[in-house]
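Trainee: I've got a new model open and I'd like to learn how to read it. Could you take me through the sheets and then the interface?

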Amino acid sequence: MTLASTETAADVSTGFTKKQALYGVFGLAVLLVLAKLIGILPEFLNRIPEAYIPDYAATFDAGFNAWRDSITTVTRFFSERLEFHLKVTAHLLYGARVHFFNPIDWLTLMTVSSGAVLFLDNRKAALATMITIALSGIFFTFVVGVGGQFGGMSQHALMWVFLVTAAVLGGMMAWKDNTFSPLIVLGVVFVYALILNGYKLGPLPWTSIAATAAVIGYYLGGWRLGLLGGGTFVWTALIGQWKLAMETMSVLVVAAPAAFIIGILLGIAAWKFPKFDKVLRPILSILQTLPFFTYLLPAVIFFKVGPTAGAMATIVYAIPPMILMTTLGLKKVSPEIVEAGKMAGCSRWQMLSRVYLPAARTELLVGVNQVIMLCLAMVVLTAFIGMPGLGAKLLAMMNSFKLGRSFEIGVTIVLLAVMLDRLSKAWVVKQPEHFERGASLWKRHFYLFAAIIAFVGFLLISQVVEVADSIGRKQHFSKGKEIDGIIKGFLDIDIVQAVTGWIRWFLITQVLIPFRDAMLWVPTSAFILFVTSFSLWLGGRKPAVFAFIFFCFVASTGWWDRSVITLYTVISAVILALLIGLPIAIYAARSETWSKRILLFCDTAQTFPSFIYLLPAIMLFGINDVAVIFSILIFTLVPLVRYTVEGLRGVPPEMTEAADMAGASRRQKLLNVQLPLALPTMAVGFNQAIMFAFFMVIIAAFIGTQDLGQELQRTLAGTDLGKNFVLGMCVSLMALTFDLTILSWAEQRKKALGLSS
Amino acid sequence: MTPSDTSGGVFNKASTPMTNIKPVISCKNVWKLFGSSPEKYLAKLPNAHSYDDIRADGYIAGVKDVSVDVHKGEMLVIMGLSGSGKSTLLRCMSRLHDITGGVIEVDGQDIMALPEHELIDLRRNKMGMVFQSFGLLPHRTVLENVAFPLEMRGQGKHDRRERALEVVKLVGLEGREDYFPRELSGGQQQRVGIARSLAIEPDIWFLDEPFSALDPLIRREMQDEFLRLQDLLGKTIIFVTHDFDEALRLADRIAIMKDGAVEQCDTPDKIVLNPATEYVRKFTQEIDTARVVHARTLVKPMPPKAPTGKALRGSATIHELARTIVNDTRKQFPVEDDDGKLIGILDRQEALDILLGSE
């Protein structure tokens, strides 16, 4: 299958001119290169002269500074709201102190709580919940005052008044109307009230959390997931990383729900108002390709340092997929279900809350899964802006080359990721099951009771047995030093050293450096034209126009050389990944069992926070270019292999059967039937690989690179918002160029093959 | 298009004939066009434009100048092949689609003029609908699905549970109240759909190919079930199907649609005996006329010298009477209705022609 056959899929009427355009652009690029070779190329075509480079960063900064105060007032306001919830979870998970109260926080709590009740039950219950919380808030404010300290007797009396009211009200509604949500929501608010009043509820004992996770896991996916759920927390506690993990989790449990709520609201808005959708889409695709450093600096500037900034960056980072999944899910609701809702006489709110959202359950839950995973990945990365937790510790350990401890933290992060992913995915496929008539309350809510018993049981045990509460400094089983010894010992073995040393030498001197130098040698003008012609050839007219504009912008920022180095790293890593990944995938796709194994492995590997991939790279190759390439390589290998296997396995069986009956040999079948049909799917994998590579190359700045990532990381230390933004746009636009081109090709191809659904 | 038979004809099921009562649903010159700006296009549309002409202009005529009345307690079956506009017409009547031109009145009220809340009220209290692929809410149990319309109009939990249990029993799903839709077979799921549509005790019952997604055997069973329910409830029904046999079996009147327009609208007997167009004839060709036509359709007024002897039942089909018609050599038979009152005479030769084909 040749790529050139795309032309048949492209607009036929303009096919001829497209070909001409392609030759023209490509020819011009070649001419420019030749001109440079014989030395007649004018310098301004080689590199844009310094004098002509507009200072975007300064302009941006100037514009920003004019608005700075008003913007930060707003953002600080939000970050304080966020901080309130962060403090509460931090208190519960690792015993941090909560020491401020603002009535507005009570207001948000009230809104979200009564909104949840309205969604789950009815208006009456929501109103009752709202009034209860509002009254308690007014009392708090009245007695404590804004920002006051806690702890007087009168407050306690008021709190108990609130408790009794809430309990009576919630209980009554649960008893009379069978509506349980007010009880649950008021329970949560009550926990807030307790903590605000200075009761020390946290840190929760690790055994309680582990046991509850085990019950949830068992409920969602049998004993395997039960073991995974409980085991992850047991491991974390025993290895002595409980507090670190809880620091990470405390941000996650605030950021993920926040991203979920904001995402779903924006998603609904985008679905309801097509115009809003039109504006939102390009922003979302830029957001999804922006390097994470670009999220971090604004977060620091706008939202304070530490957990709040980390949480804010995490939320923003996780919102786009939730928006996309929400609109997708709502659009996919079968028209008959919609009509059934209309004919049942649903009002607009009823249509949304009782028909659309429940019917889109699967997509929404997939969105939840993505939100959780992105949040985890980002929370780990917020180590770069000083967010304490597993990521920060891993960063510190890798910095001091303590491989054993890094390895242990890596395992913890991976376990957390896999657990969260598996559990949330199990939730997606979990279908409601009916109970026999007359099943008792106990039977109907068995898992709920089991979870409560497990939680409370261990809470009580931990009051008596100290180890069940927390594992002390000297009690854990960390073998950091020993593992460090083993790894370093292994790396010291002559053969290993010889192999890694040779790979390093070969790659650096024979492949990477020549390739990089060649790319840097190409004149800017020719480079842009080459990229444009590539886009034109593969994707067609529209992607080519975008490619040209995007790369011209990159060239005009003055960060051309670093951009080219970034691009070179991405391209070489992806090519290496292709060379390794394709044979593996093609081989694996031959048999059912191997396909399954590989897909399972890829599924698992894909959940790892990207940061983890640096670990083996550093272990094997130390700190240099090869480690960077290697970490990108294994990171991009995952989508490449995965989509190739899926593409090959997804070839309709009647087509392979037809090939078999036509007497095709295995090779002929592969080349003439399977690969051509799998190519669109593979292209999606290839595209994702490139996106992953752009993401990873920035993180790899940590190892020490000379590309945009390095500059980006440097901006984090200061307040260079403009520069940070410009660098981020460079990465984003280069990534988008590939994204547009390859996806456009895949789309055309799928249509041409009649594969699009 | 053929003007609809507005004289109303509920002779098939031998219920009380409707005379001069306002129709429950009345469609007058209804148009539904799909396209970029259908209203403007319709305003300028020349009279003679055919379906294909309209399509050439970039519009699809979902419903093309249809006038049809449905009377109280009558079952109108809209029959047509896929793309004929039958489901679209049904959705216009329930205002799931907004029509482009014409008037649809329900109980004398122009439904296009209804504001949103009144439309919602109308649906909450008067209309029920059954869908081809059931349209059940996957996250709700059978009982919760059936109670859904009641919940939407704000009935209390206990109240709606009671009513839902009643309807679930009516459709024969007792004991499965707590099942989820995906745990049920197709036939059972459609029973849930039927139960849901009946929960609010609607006056008007819309059924959009309710049995098309089912296996032939189940389909037959569900049709019987449906006839039983209709006998019990006597609703005004608009039933859409692409299956001519089904239409003949269930309908009081059939409206046969093609390209958005009604080709013929009449009782099954009359459609089989006198297909109005070539298109309708194609459907009737394969049909055993004797199984469709009832004796009462063929009756002639009593002559002064009435034939004597045993009378035939007017509500029986010619096929059911075949033995008598063949064996009894009287030239003419008296025909009586279900109450034993003589309603006319049946010509033996005519009946034989239908039974055996003419000549």
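Trainee: How many bridges join strand β1 of chain B to β2(B), and do the two run parallel or antiparallel?

Mentor: Some ground rules before that. This is a predicted model, where local features need pLDDT of at least 70, side-chain atom pairs count only at pLDDT 80 or more, and totals for chains, interfaces and linings use all residues. Residues are numbered from 1 along each chain as its sequence is written, chains are lettered from A and ligands numbered from 1 in the order in which they are written, and side-chain values use heavy atoms, with hydrogens and water left out.

Mentor: Now the general idea: two strands pair if DSSP finds at least two bridges between them. Strands (E, at least two residues) and helices (H or I, at least four) are DSSP runs, numbered from the N terminus. Here, β1 (residues 25–34) of chain B and β2(B) are joined by 7 bridges and run antiparallel. One place to look is B:Ser26, whose bridge partner in β2(B) is B:Asp69.

Trainee: Which sheet do they belong to, and what is the strand order?

Mentor: An open sheet of 4 strands in chain B, ordered β2-β1-β4-β5, with antiparallel pairing. Its edge strands, β2 (60–70) and β5 (109–110) of chain B, each pair on one side only. Helix α3 (residues 86–93) of chain B lies across β1, β2 and β4 (101–106), at about 60° to β2(B). For such angles, axes are lines fitted to C-alpha atoms, for helices over the stretch in contact (heavy atoms within 4.5 Å), and the angles run from 0 to 180 degrees between N-to-C directions.

Trainee: What is the order in the sheet of 6 strands, and what kind of pairing does it have?

Mentor: That open sheet in chain B reads β6-β7-β8-β3-β9-β10, and its pairing is mixed. The edges are β6 (127–130) and β10 (261–266) of chain B, each pairing on one side only, and the twist averages 15° from one strand to the next. At the β10 end, β9 (residues 253–258) of chain B pairs with β10(B) in the antiparallel sense over 5 bridges, and B:Lys258 stands opposite B:Ala261. Helix α4 (residues 116–126) of chain B lies across β6 and β7 (204–208), running at about 75° to β6(B).

Trainee: And the interface: how much area do chain A and chain B bury between them?

Mentor: The size of an interface is often given as the accessible area lost when the parts come together. Chain A and chain B bury about 2,700 Å² (accessible area lost, 1.4 Å probe, summed over both), 54% of it on carbon and sulfur atoms. The contact takes 28 residues from chain A and 34 residues from chain B.

Trainee: How many salt bridges does the rule find across it?

Mentor: A salt bridge is a side-chain nitrogen of Lys or Arg within 4 Å of a carboxyl oxygen of Asp or Glu. By that rule there are 4 across the interface of chain A and chain B. One of them links A:Arg348 to B:Glu116, with the closest N and O atoms 2.7 Å apart. On the side of chain A that touches chain B, α7 (153–177), α14 (335–343) and α15 (348–359) of chain A each supply at least two residues, and α14(A) gives the most, with 7 residues.

Trainee: Where do A:Arg354 and B:Glu151 lie?

Mentor: Their side chains meet in a salt bridge at 3.8 Å, N to O. A:Arg354 lies in helix α15 of chain A and B:Glu151 in helix α5 (residues 142–152) of chain B, so the pair joins two chains.

Definitions and conventions
Buried area = accessible area lost by both parts, 1.4 Å probe.
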